[in-house]
Amino acid sequence: MTSSEIVRLPFDKAEVSVWARSGDKRITNWPVVYILDDGDDTRGATRKKQQDHRRKIYVGESLNVAARMRQHFASIERSTLTNLRVILDETFNKSVCLDLESFLIEMLSGDGAFEVLNRNDGIVNADYYNRAAYQAQFDAVFDRLKLDGVFTRTIPEIINSDLFKLSPFKSLTDDQAFAVEGVVKSLFDDLRSNDRSTTVIQGDPGTGKTVVAIYLLKLLADIRASTPLDALDDDSDSLFSEFFTDEHRMLLRDLRIGFVIPQQSLRKSVQKVFRKTPGLDPSMVLTAFDVGESATAFDLLIVDETHRLNQRANQPAAALNIKFRDITTKLFGHDDTSKTQLDWITAKSTHRIFLVDPAQSVKPADIPIETLERLVADAKTADHHHPLLSQMRVRAGSDYVGHVRRMLGAAPGSGSQSPASLPDFGEYDFRMFDDVSEMQTKIVRRDREVGLSRMVAGYAWEWKSKADKFAFDIEIGEFRMRWNSTQTDWIASPGSLDEVGSIHTVQGYDLNYAGVIIGPDLRFDTTTGRIIVDRASYFDKKGKEANKALGRVYSDDDLLWYIQNVYAVLLTRGIRGTYVYVHDPALREHLKRFVSQTQD
């Protein structure tokens, strides 16, 4: 395999014409990848200046790059670009070029220094002969482009960023692609027939529900913004090029579309991504309250983490309790306390797409599981249900999530029995520690090696540092740490490696390594052989308070179910590994039977 050559020249008709006649047959009859940008080089400028004046860039591949450039000169949007780089390699074939094109688009979107002009019609993730060897070569191409100012960050820095993780430019798994295709087809059918519709996309932690939601929004935005001239971008290898038609463009033309995200932290991160993505806008990202208070209805609402929408319950602030009452009264004619935020969204939209995992409800104010199960059942009946099955985050295989739930006693039929054998999680680093300080040291080392490694815990210690910044929250022997000092984008915040994140800061996010402290809120009853809850050691006030509006109190069994869900979420954040320390000695001994004791 040879090293690639990168030719750079002005994106100018005369210059390209001269180059095309140079006699190099790779210009007119060889698979290549090319990059067009606007040439406003901001190397050496401050990060803020780079962000304020973002360059535009487009990545493509072609078997005849000279002819392809003539097509781009005819494009209103791309004819304003000024630089052309062509990546030539004698060993390239069509499959390699499609793969390299996808790689560069994903990296450029995650880098965030450019406005990526490519539309999102389905990045190919096809296998081909000797793919691993070619992909190793892509890193060298990346390094040379970085030296030339195309990239501003390294590959690890990009991959660990929210911009990359939440980017709409993703290679989808087969089931994600089937879901996107099915949802879009159904949506266009429903738009044609003027029927109202409810669609459900269901998946375990790590199956990429948020990625699919953002992908859908970008795909619909690109179809709506496409023009007949964009036909030159059509490629039979693109997954969703069939949707780029005049009819679909007209169906989407005047639609009001919103993206509802219940968690504040994730909402802020997605708004950052939308700010840098053509066709998407931060104002599309909403709370359920925003939807309820909106003066006009929505044609389409996509709802991420639907299980975190609220039923009627005491809200974190008195003003929100008043809003909840007023919105319900406005929408349904009276203050019906049985109505939930799910009902608001249904009332305020013609079409809605819910992304849901009922097993990720973590507190009593969340939508009741019975309501979520009914939502899923109705979607299945209407043939509007799309499951996501492939594990995208945790590199331990699809059995890992089920194993964690069985280990916590949260899976149906799980009990006190030890597993007959431990599943094979391959190279995934899943281990327990007897010393929490040793686990923290290991997490710090992992962060130094690969980044994005954090300590997280169940809400089993008071948040003393909220009122006294010098106080420590989590104290176990000589070990002392504080809770997260911010709930917004905590994982990327400067001091997060020295803090412990709660469920409210990490749900919906990825880590490379997670150090999970299972606190004294969970214990093991050696008499009954069952995992039990210690209510006095659970300090999330909203996680256990009675619901006065609905006249409901929550039993220890109810609380146990929520806390098991909390730990199941925490134990499924780590891409490369999950470390576990258990505070209760009896529970620690019990859980050791579910975790390999291999140490390095």
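Okay, quick one today: "buried" here means under 20% relative accessible area, exposed means over 50%, and partly exposed is in between, with a 1.4 Å probe and protein chains only. Helices are DSSP runs of H or I, at least four residues, strands are runs of E, at least two, and both are numbered from the N terminus.

Before the details, this is a predicted model, where local features need pLDDT of at least 70, side-chain atom pairs count only at pLDDT 80 or more, and totals for chains, interfaces and linings use all residues. Residues are numbered from 1 along each chain as its sequence is written, and side-chain values use heavy atoms, with hydrogens and water left out.

So, helix α20, residues 585-592: its buried residues are L587, R588, H590, L591 and K592. What covers them? Contact means heavy atoms within 4.5 Å, and the cover includes α16 (399-407) plus strands, among them β12 (429-433), β17 (511-518) and β20 (574-582).

Next up, α13, residues 318-332. Which residues of α13 are buried? F324, I327 and T328. They cover an arc of only 95° around the axis, so they lie on the same side of α13; the arc is taken from the directions from the helix axis to the C-beta atoms. Their cover includes α12 (288-293) and α14 (341-348). Just after α13, G333 has a positive phi of about 90°.

Now the packing. Axes are lines fitted to C-alpha atoms, for helices over the stretch in contact, with angles from 0 to 180 degrees between N-to-C directions. The α13 and α14 axes come within 11 Å and cross at roughly 40°. That makes α13 oblique to α14, given that under 35 degrees is roughly parallel, over 145 roughly antiparallel, 65 to 115 roughly perpendicular, and the rest oblique. The residues of α13 that meet α14 include F324, I327 and T328.

And the other pair: α4 (residues 94-111) and α5 (residues 131-147) have axes that come within 10 Å and cross at roughly 45°, so these two are oblique as well. On the α4 side, the residues in contact include L100, F103 and M107, and on the α5 side, Y134, F138 and F142 are among them.

Last stop, E373, in helix α15 (residues 369-381).
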